[in-house]
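Please read them with the structure open.

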Amino acid sequence: MTELARLEAITKSFGGVHALRGVDFDIQAGEVHALLGENGAGKSTLMRVLNGEFPPTSGEIRIGGRSVILKDPHAARILGVEVVHQELALAPDLTVAENIFLGELPGVISWASLKARARTLIERLGFDIDPGATVGSLAVAHQQVVEIAKALSHDVKIIVFDEPSAVLSAQDADRLHRIIAGLRGQGVGIVYISHRLEEIFKIADRMTVMKDGQRVGTVRNGDVTIDELIRMMVGRPLSALFPEGGRRAIGKEVLRVDRINAGRMVRDVSLSVRAGEIVGLGGLVGSGRTEVARAIFGADRLDSGTIQLNGQPVTLRSPTDGVKAGVGLVPEDRKLHGVILDKPIRVNATMARMSSVVNALGFLRQGLEKKIVSDLGASLRLKASSIDAPVSSLSGGNQQKVVLAKWFHAGGDLIILDEPTRGVDVGAKTEIYMLINRLAEDGKAVLVISSEHQELFGLCDRVLVMGQGELRGELTPDQYSEERLLALSMTGRTNANGMGEAA
């Protein structure tokens, strides 16, 4: 292989804080090199050194075999280095073509030529997207294609993908992986940052693990297991990430759903969850899992069927009705539906039950609010400068803790968590698993939706499996396997050959 870039003994300090400590990293032509580690490990800082955003405090950057000094991202781009960030850097009101060539638009524009060039780049990626469409009208997956086409509009040799699949469905993530495979085949060097270890094992040639600003090691795919990789990252194996079971008492039935139908994606679904029980809801993306959660919470109207809470029938016409009835929902997209990013932690943590922090005249009791939220933060091990800090200033894991704090404070009997650890690093996942277990230990009924099958198997007392809007079956711990779960979701049987039909 041809070496495209090498970072040698890179250090980076911000005042007295050492973000990088003598890190070595290299990128070869035609490979996917995964960069792994917990939040704060130094991954993004290292890539910002590579793309010229941060000058290193010491160390050497070599691109194409020669030592270079990168004054800014433009200098890195000239040398063929591009970064596709998780938060896409696109102008939503401009067209696809305008976004792709934004940095080089001349004074007099040939729109036909611009659109033709844009179409060629998009077709190279295997997509058919109208170059004249505004970017804001596109789905997130197609916006990401535009971002990649933008990178390819230059003579790109290295592309860094920073958490690209965090906001994508499983199907869209597979399409992204196919794009990356195509780029790899063209000799482009790919650096891939992700917390989703299953996808890393699908696409990476090599994996470098970072911890506390240092390189722990670099390994080849096939030479390590997920357990060994997690041990490199956090010092303990996969099994140790989940809380120990067997300590919870399973109580009375809290939720009973009987033959509910809602739209096209919820068809004749029946299920129940008891106090102290953690029940998983698995299946492929698009199988109706989120729609079931929304129907139970009152966000989507039922067409037919009944819902009972603590033995009493309820009619939930809105999320407000759901909250009043004692149902909490940690949504799939926390930034869009779970928190108000520019509001302080204290406001987000109490918004589901404001009555607890206002007096009879409706005025805020600031001292009480401060004590409640401070106690919640300490209990959830929330890492923040203060409870007045905006939620947008927090890491993904701590943002998720604020969403959980809201429902700990609201005090309902049923908590539904939709993709509770999406975009969260391995260490923060462990803390969130402990909090979910604590909800159950406190007697809450807990329903967990996750696309990470090991997460369901590690957390849940049993897993219900959805497929095409229907509840296809149930797995108990002695039946847990990815093959059985997928077979149930796709065929309604515990294996694809039709043997062993689920109960």
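1. Salt bridges, overall. The structure, which is a predicted model, holds 24 salt bridges. Three residues, Asp26, Glu31 and Arg206, are linked in a network of such bridges. Some individual pairs are taken up in the next points.

2. Asp461 and Arg248. The side chains of these two residues meet in a salt bridge, with an N to O distance of 2.9 Å. The pair links distant parts of the chain, 213 residues apart. Asp461 sits in the loop between helix 16 (453-459) and strand 19, while Arg248 sits in the loop between helix 8 (226-234) and strand 11 (253-262). Are the two partners buried or exposed? Arg248 counts as buried, because its relative accessibility of 15% is below the 20% limit. Asp461, at a relative accessible area of 27%, is partly exposed.

3. Asp128 and Arg119. These residues form a salt bridge in which the closest N and O atoms are 3.7 Å apart. Asp128 is exposed, with a relative accessible area of 66%. Arg119 is partly exposed, with a value of 33%.

4. Lys157 and Asp155. Here the closest N and O atoms of the salt bridge are 3.3 Å apart. Asp155 counts as exposed at 57% relative accessibility, whereas Lys157 is partly exposed at 37%.

5. Strand 19, pairing. Strand 19 covers residues 462-467. On one side, strand 13 (residues 278-282) runs parallel to strand 19 and is joined to strand 19 by four bridges; in this pairing, Gly280 stands opposite Val463. Strand 19 also pairs with strand 20 (residues 470-475), in the antiparallel sense and over five bridges. There, Val465 has Gly473 of strand 20 as its bridge partner. The hairpin of strands 19 and 20 has two residues between the strands, and Gln468 takes a positive phi near 50 degrees in this hairpin.

6. Strand 19, burial. How many residues of strand 19 are buried? Six of its six residues are. Both faces of the strand are covered: Arg462, Leu464 and Met466 are buried on one side, and Val463, Val465 and Gly467 are buried on the other.

7. Helix 14. Just after helix 14, Gly411 takes a positive phi of about 75 degrees.

8. A nonpolar surface patch. Ile340, Met351, Met354 and Leu364 form a nonpolar patch on the surface, and together they have about 300 Å² of accessible area. Leu364 lies in the loop between helix 12 (345-350) and helix 13 (366-379).

Definitions and conventions: Residues numbered from 1 in each chain as written. Predicted model: local features only at pLDDT ≥ 70, side-chain atom pairs only at ≥ 80, totals over all residues. Heavy atoms only, no water. Patch = residues over 30% accessible without salt bridge, like charges linked within 9 Å, V, L, I, M, F, W, Y side chains within 5 Å. Areas by Shrake-Rupley, 256 points an atom, 1.4 Å probe, with all protein chains shown as cover. Salt bridge = Lys/Arg side-chain N within 4 Å of Asp/Glu carboxyl O. Buried < 20%, exposed > 50% of the residue type's maximum accessible area, 1.4 Å probe, protein only. Pairing = 2+ DSSP bridges.
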